[in-house]
Amino acid sequence: MRIGIIGAGIGGLATALSLEAAGFRDITVHERTDEIRGLGVGLNLLPHAIRELTELGLRDRVEALGIAPETLVYMNRFGQHIWSEPRGLAAGYRWPQLSVHRGRLQLALRDAVVERLGDVIRLGHRLVAAESGDDGSETVHFATADGEIAETYDLVIGADGIHSAVRALRYPAEGAPPWSGLTLWRGVSEAPVLVDGRTMIMAGDGEQKFVAYPLGVPENGRQRLNFIAERRGIGHPDADWNRSVDPGPIAELFADWVFDGLDVPAIIANAEEILEYPMVDRDALPQWTYGRTTLVGDAAHAMYPNGSNGGSQAILDARTLAFHLGTAVQRATAQRTTTQGATAQRTTTQGATAQRTTTQGATAQGDAIDAALAGYEEARRPAMTALLAGTRATGPERVMLLAAERAPQGFTRIDDVIPRAEREEIANAYKRAAGFDPSILNERSSLSVGDRA
Ligand SMILES: Cc1cc2nc3c(=O)[nH]c(=O)nc-3n(C[C@H](O)[C@H](O)[C@H](O)COP(=O)(O)OP(=O)(O)OC[C@H]3O[C@@H](n4cnc5c(N)ncnc54)[C@H](O)[C@@H]3O)c2cc1C
């Protein structure tokens with residue numbers, strides 16, 4: 001089966017690796033940029049994503065890239081604690097949460113793809129058009145330095161991010177991602193150790209917020225922190241991951257955010273580089289699959305970073321798609337073997353049988369792809385539609401909004417503002433929606449083909 005993946009970001013590379021693990025070999029990844037430069041800043045991989053990377057045999061190399069936060073603390077804009085919870089192994093998961101540099105993760109996944117599949121990544125290939133053939137094949141056209149080229153596949157997977165060209169071919173009127181009015185400034189800064197060196201903090205409310213988590217181990221009382229500063233009403237809506245801005249004015253916005261052990265303006269002012277990005281997402285789609293083309297990752301469901309789930313859900317898509325495809329092909333092969341055995345016994349004309357077997361094989365493969373794409377979409381699309389709605393309602397950060405609404409000037413006792421049971425339910429509801437409730441994740445079957453533990 002010839003499989004074409006569009007986009008060599010986190011989702012596209014994870015899809016190539018998942019398909020390889022499910023038994024597929026004829027895979028090509030097409031990437032728009034001329035070089036995979038490993039761009040970005042921090043990204044969190046939640047335990048459900050680490051489970052999938054572990055089952056792909058990538059746990060050690062991903063763990064080597066980052067640090068496992070053990071506690072998440074939510075605070076108001078005065079630094080008062082609203083909620084804190086254990087994360088990863090400390091929360092009873094069988095897999096940790098990992099904070100990594102997005103670019104280093106992309107490079108590690110790229111290396112794994114090259115090791116396992118060979119030279120299958122075509123750089124400088126920007127998808128510009130596509131059409132379906134009568135035989136069910138998909139032809140995709142790329143703009144390259146040498147002009148336009150076309151490739152034909154049995155299955156095409158659009159993993160081309162929030163500005164997906166694959167998606168735009170099906171939804172041409174969709175336009176730019178809608179802007180929430182908030183702007184995010186992301187950076188990495190060397191700072192005094194945050195709490196115990198394994199804690200992630202979120203402070204603020206719906207108007208202004210600061211998030212920080214460690215990306216490196218403490219050394220001499222300091223460590224590399226990834227941060228996201230967020231503010232409503234400034235910036236602009238063009239979603240460009242590479243827009244670099246001056247830290248000075250951003251630090252100024254947070255001038256009085258100096259709490260116990262956390263000097264927000266100093267962390268911002270000290271950043272190596274600050275990338276400005278609007279808080280944008282995509283509306284949920286009614287359909288991801290058309291013919292034998294489907295979508296994964298941000299192309300299917302770009303979401304706000306509340307809850308740190310974008311990269312993790314792209315990995316879940318990759319593994320779920322590969323699971324359905326591998327299982328459907330195995331089933332079709334088993335059926336064909338049985339049918340061929342019976343036909344061979346009945347027939348006397350070998351030529352006619354061979355021809356019929358080839359046609360049957362192509363039909364069986366097409367049917368298997370269709371069944372797999374339907375299974376994938378059923379498993380993932382409704383769940384991602386619900387998660388998109390949840391992140392628009394600020395996801396687990398809702399406790400911060402409630403605290404600001406009910407106690408805008410701060411509080412003495414958080415229990416008087418938001419009872420513990422309410423705070424707990426907000427955190428748990430999000431975990432259930434995103435598929436990482438500890439008991440469900442720990443117990444659910446594996447997505448490795450032929451390994452339904
Ligand atoms: C440069 C960059 C920096 C980022 N930095 C961060 C960060 O710091 N923190 C964070 O949480 N998230 C970051 N993200 C987003 C994050 O990677 C995604 O939200 C998440 O991992 C889902 O991954 P994805 O593979 O669906 O999309 P992406 O990781 O965005 O990958 C999409 C890939 O498709 C390629 N592509 C796009 N259009 C075409 C086309 N027409 N033809 C061929 N290829 C195409 C892109 O070049 C890119 O490599 C960044 C994304 C990018 C592109």
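Helices (H or I, at least four residues) and strands (E, at least two) are DSSP runs, numbered from the N terminus, and two strands pair if DSSP finds at least two bridges between them. The model is predicted: local features need pLDDT of at least 70, side-chain atom pairs count only at pLDDT 80 or more, and totals for chains, interfaces and linings use all residues. Residues are numbered from 1 along each chain as its sequence is written, and side-chain values use heavy atoms, with hydrogens and water left out. The protein chain has 14 helices and 20 strands.

**Strand pairing**

- Strands E8 (residues 126-132) and E9 (residues 138-144) are antiparallel and share 6 bridges.
- E8 and E9 make a hairpin with 5 residues between them, and Gly-136 in the turn has a positive phi of about 90 degrees.
- Ala-130 has Val-140 in E9 as its bridge partner.

**Overall dimensions**

- The C-alpha trace spans about 90 × 50 × 40 Å along its principal axes.
- Of the 453 residues, 52% are buried (under 20% relative accessible area, with exposed over 50% and partly exposed in between; 1.4 Å probe, protein chains only).

**Aromatic pairs**

- The structure holds 9 aromatic pairs (rings of Phe, Tyr and Trp, the last by its six-membered ring, with centres within 6.5 Å; planes under 30 degrees apart are stacked, over 60 edge-to-face and the rest tilted).
- Tyr-171 and Tyr-290 form an edge-to-face pair, 6.0 Å centre to centre with 75 degrees between the planes.
- Tyr-171 lies in the loop between helix H5 (165-170) and strand E12 (179-192) and Tyr-290 in the loop between strand E19 (274-280) and strand E20 (293-295), so the pair ties together parts 119 residues apart in sequence.
- Tyr-171 is buried at 16% relative accessibility, whereas Tyr-290 is partly exposed at 22%.

**Cavities and pocket**

- The whole structure contains 3 cavities of 30 Å³ or more (on a 1 Å grid over the protein atoms alone, a cavity is a set of points where a 1.4 Å probe fits but cannot get out, and a pocket is an open set with protein on both sides within 12 Å along at least five of seven lines; lining residues have an atom within 4 Å of a point).
- The largest cavity holds about 100 Å³ of space; of its 15 lining residues, Leu-72, Tyr-74, Arg-87, Gly-307 and Pro-396 are the closest to its centre.
- H13 gives the largest share of that lining, 3 residues.
- The second largest cavity holds about 40 Å³ of space, and its lining includes Tyr-171 and Tyr-290.
- The second largest pocket has a volume of about 300 Å³ (the space filled by probe spheres set on grid points joined across faces, edges and corners); of its 19 lining residues, the closest to its centre are Leu-316, Arg-380, Ala-434, Gly-435 and Arg-444.
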